[in-house]
Amino acid sequence: MLLLSCSRLSRGFDEGPLFEDIGFELQAGERVGLVGPNGAGKTTLLRILAGMDRPDDGEVRLHAGARVSLLRQQPQFEPGRTLFAEARSALDELLAAHDDMIHTAEALARATDEAEHKTLAARYDRLNELLRHHDAYNVDHHVEQVMDGLGFRPADYERSVDTFSGGQQSRLMLAKLLLASPDVMLLDEPSNHLDIDTTRWLENYLVKQPEAMLIVSHDRYFLDRVVTKVFELHAQRITAYPG
């Protein structure tokens, strides 16, 4: 399934163009490595795809209602929130859908009008399917799995986020992106701040996920383990390579 496409993208600054007239597509399940020399515009391209920057020309299209999210390099958290609460906040939309399903079920039980009953029943079925698809009935267990994989201990869960180091906060940002499970993950150097064991866990986690991914990394071994194709951004153009 096509999730994201872009065409004729161009972006430049005072020093000149970073890239011109580039285009590509991302399908569900594709894990694409984005490589190229420093300054080629890889991070700028990710920001454009995430809607955080605008191209000078061209367009980005999201298909089939796809959600896209970028791994931020600068941590941003709610002041005073605990580690576990901050990680769990990545699932706020899913938790809201769960509350909506409960309210819909209550309204469905009270409905006497046939048309209203049919509408509510359809809404309940959609919400239930969404929650089952994202395994929303095991939220806390999923949070614990990801936090453990990224090196956090249960003893840390109730600590305030602002007591953690910058590297730990960056790992928390990665945890939140993984938990949110956007249809298109834009991962800018995801293995930064990870030790060897945690990097291996991340590799194994990513290859099991159904989302589309565009991954910037200088870790060739990481890319060899994870990606299914490579985009090289060089000399203002993108070239695609299989494998």
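Helices here are DSSP runs of H or I with at least four residues, strands are runs of E with at least two, and both are numbered from the N terminus.

This is a predicted model, in which local features need pLDDT of at least 70, side-chain atom pairs count only at pLDDT 80 or more, and totals for chains, interfaces and linings use all residues. Residues are numbered from 1 along each chain as its sequence is written, and side-chain values use heavy atoms, with hydrogens and water left out.

First, the whole protein. It holds eight helices and nine strands. Its C-alpha trace spans about 65 × 45 × 35 Å along the principal axes. Of its 243 residues, 44% are buried (under 20% relative accessible area, with exposed over 50% and partly exposed in between; 1.4 Å probe, protein chains only).

Now H5 itself, residues 139-149. Its buried residues are Val-139, His-142, Val-143, Val-146, Met-147 and Gly-149. Seen down the axis of H5, they fall within an arc of 165°, so they line one face of the helix. The arc is taken from the directions from the helix axis to the C-beta atoms. An α-helix has 3.6 residues a turn, so residues three or four places apart point the same way. Just after H5, Gly-151 takes a positive phi of about 95°.

Next, the partners. The axes of H5 and H6 come within 10 Å and cross at roughly 140°. That makes H5 oblique to H6 (angles under 35 degrees are roughly parallel, over 145 roughly antiparallel, 65 to 115 roughly perpendicular, and the rest oblique). Axes are lines fitted to C-alpha atoms, for helices over the stretch in contact, and angles run from 0 to 180 degrees between N-to-C directions. His-142, Val-143, Val-146 and Met-147 of H5 meet Leu-172, Ala-175, Leu-178 and Leu-179 of H6 (contact means heavy atoms within 4.5 Å).

H5 also packs against helix H7, residues 196-207, at about 135°, with the axes 9 Å apart. H5 is therefore oblique to H7. Here His-142, Gln-145, Val-146 and Gly-149 of H5 touch Thr-198, Trp-201 and Tyr-205 of H7.

Ser-181 is buried, with a relative accessible area of 11%. Its C-alpha atom is 9.9 Å from that of Ala-212, 31 residues apart along the chain.
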